[in-house]
Amino acid sequence: MENKHTIIYDFDHTLIADFFRGLKRQGPESDEITKLALHFINDLPNNPSIADIGCGTGGQTITLAQSTNGKIKAVDLMPEFVESLKENIKQLGLDKKIFPSLESMTDLSFEEAEFDLIWAEGSIYNIGYQKGLKEWRKYLKTNGYIAVSEVSWFTDSRPQEISDYWESSYPEIDTIPNKIKQMQQAGYTPVAHFIFPEICWWNYFNPMLNNIEPFLQKHNYSEGAKDLVDHLTEEIALYRKYKSDYGYVFYIGQKSDLVNGKDYIDTENIRIRAETEKDLSGIYDLIQTAFKTAKVKDGDEQDFAVKLRNSDRYIPELALVAEYNNKLIGQIMLTKTYLTTESNKEEYLLLAPISVLIEYRDQGIGSKLIHKSLDKARKSGYKAVFLCGDPAYYQRFGFRPTSEFGIKPALDIPVQYVMVYELEPNALKDRSGIVECC
Ligand code: SAH
């Protein structure tokens with residue numbers, strides 16, 4: 001039977017809260033794992049300031065409080081979990097160390113540089129691993145630590161069934177080396193990582209299995225309750241079958257100001273906007289400087305941009321710049337181009353030039369410029385964008401060789417470099433012809 005729910009949060013919130021409230025853990029963990037992860041962080045100050053994000057009923061919060069002299073802000077979105085944690089800490093006399101609060105990890109009330117340590121066990125997937133790492137970085141003090149657990153692939157290729165399951169439940173699942181790389185790109189030095197032993201999964205699943213019958217009884221075997229139980233038992237069955245392909249991994253990192261030897265950039269603070277008159281000389285210099293270090297170049301790209309801007313092909317709202325701390329660090333231009341088919345001359349777009357200053361490369365700024373401009377072009381009603389560039393780079397955005405559409409460039413350029421992106425599915429179906437490109 002196909003399950004109509006793909007992720008647990010598609011279910012009735014009160015049912016989830018009711019199912020998990022009495023359980024110590026809401027994810028595959030154990031006290032030992034929390035302590036082991038903490039063990040890799042050996043230079044915390046005496047009274048560290050700690051955030052525990054997506055704390056649930058607080059299994060790991062309590063372990064953290066008992067293993068450090070710190071004060072812990074523990075946040076979760078589920079009122080029932082926060083209440084349950086409040087009761088537990090009162091009983092354990094930890095109310096001077098743990099401060100629970102009901103808030104979302106996507107909209108935290110934290111101060112910048114407030115914490116020595118950010119903890120997120122089995123919860124960062126709710127915001128997304130990369131987004132969480134990037135957004136939360138600012139809440140850490142210099143050299144502060146982050147420790148997050150995240151589901152990860154152990155193998156390079158997987159059976160279809162499990163690959164489909166995770167693709168729909170959490171498409172950001174990735175291999176351990178990729179997760180580590182993403183942590184570095186988000187501005188952290190990886191400190192340690194380890195795979196959770198299988199026992200942690202059973203620490204999570206066994207109490208769940210024991211809770212199924214009482215839970216169903218309590219809810220009179222309602223459809224909603226049965227649906228939730230089906231979802232959870234499917235999760236357990238899949239784990240049993242495919243546990244050699246995936247599992248939970250703890251990733252521990254230390255805030256760093258360098259990424260691949262370059263200054264870390266807070267990509268959340270990059271502003272992309274249309275160019276204005278005032279930017280023009282800055283853009284000229286930017287293109288000239290950026291293309292000096294390009295793999296393929298003519299050397300006159302900056303003049304080409306001026307020529308386009310002064311022609312009737314220019315579309316002001318599709319000439320964008322990227323700014324960081326009030327400095328121009330990248331630009332992209334989409335201008336009109338024409339495809340001559342047997343019967344028509346049709347207007348499309350040409351992407352050229354695009355440039356990012358060398359010290360800001362490899363941090364996703366080019367991607368941001370491309371995505372934003374494609375988005376705007378689609379909204380303006382254009383149907384396709386042509387370019388001449390490196391297929392290895394552009395295919396990740398969905399650009400395909402124009403030869404697939406029977407379209408040739410007007411100039412004598414190796415065909416494999418001439419690519420196109422359809423802004424609307426099948427926009428170029430039966431549109432073979434010659435494109436003015438580059
Ligand atoms: N850290 C706990 C709970 C993990 S389950 C443990 O390891 O046992 C994931 C938790 O994230 C749940 O408690 C859920 O309520 C919480 N959560 C989901 N979305 C959230 C959001 N946007 N903000 C804060 N917490 C969220």
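Which side chains meet in a salt bridge at 3.6 Å, N to O? Lys131 and Glu135 do. A salt bridge here is a side-chain nitrogen of Lys or Arg within 4 Å of a carboxyl oxygen of Asp or Glu. Both residues lie in helix α5 (residues 129-136), four residues apart, about one turn of the helix. Helices (H or I, at least four residues) and strands (E, at least two) are DSSP runs, numbered from the N terminus. An α-helix has 3.6 residues a turn, so residues three or four places apart point the same way. Lys131 is partly exposed, because its relative accessible area is 40%. Glu135 is buried, because its relative accessible area is 14%. Buried means under 20% relative accessible area, exposed over 50%, and partly exposed in between (1.4 Å probe, protein chains only).

The model is predicted: local features need pLDDT of at least 70, side-chain atom pairs count only at pLDDT 80 or more, and totals for chains, interfaces and linings use all residues. Residues are numbered from 1 along each chain as its sequence is written, and side-chain values use heavy atoms, with hydrogens and water left out.

The chain comprises 13 helices and 19 strands. Its C-alpha trace spans about 75 × 55 × 35 Å along the principal axes. The chain is divided into domain 1 (3-259) and domain 2 (265-435), with bounds from an automatic or database domain assignment. The C-alpha centres of the two domains lie 40 Å apart. Of the 438 residues in the chain, 52% are buried. Contact means heavy atoms within 4.5 Å. Among contacts with a separation of 6 or more, 74% join residues 24 or more positions apart. The accessible surface comes to about 21200 Å², and carbon and sulfur atoms hold 48% of that area. Accessible areas come from the Shrake-Rupley method with a 1.4 Å probe; for residues, only the protein chains shown count as cover.

Helix α1 (residues 13-21) contributes a run of buried residues: Leu15, Ile16, Ala17, Asp18, Phe19 and Phe20. Their cover includes α4, α8 (198-218) and α9 (223-242). Asp18 forms a salt bridge with Arg21, with the closest N and O atoms 3.5 Å apart. The two residues are three places apart in α1, about one turn of the helix. Asp18 counts as buried because its relative accessibility is 15%. Arg21 is partly exposed, because its relative accessible area is 37%.

Glu80 sits in helix α4 (residues 79-92). Glu80 is buried yet has no salt bridge. The nearest side chain of opposite charge is Arg21, 5.4 Å away. Here Lys and Arg count as positive and Asp and Glu as negative; His and the chain ends are not counted.

Arg271 lies in strand β11 (residues 271-274) and Glu323 in strand β12 (residues 319-324), so the pair ties together parts that are 52 residues apart in sequence. Arg271 is partly exposed, because its relative accessible area is 49%. Glu323 is buried, because its relative accessible area is 14%. A network of salt bridges links Arg271, Arg273, Asp279 and Glu323.

On the surface, Leu36, Phe40 and Val191 form a nonpolar patch with about 220 Å² of accessible area together. Patches are made of residues with over 30% relative accessible area and no salt bridge: like charges are joined within 9 Å, nonpolar side chains (Val, Leu, Ile, Met, Phe, Trp, Tyr) within 5 Å. Phe40 is in the loop between α2 (31-39) and β1 (49-53). Phe40 counts as partly exposed because its relative accessibility is 34%.

Tyr417 lies in the loop between β17 (407-409) and β18 (418-422). Tyr417 is partly exposed, because its relative accessible area is 34%. Leaving aside neighbours within four places in sequence, Tyr417 is in contact with Leu387, Cys388, Gly389, Asp390 and Pro391. Tyr417 and Trp202 are 215 residues apart in sequence and 52 Å apart in space, C-alpha to C-alpha.
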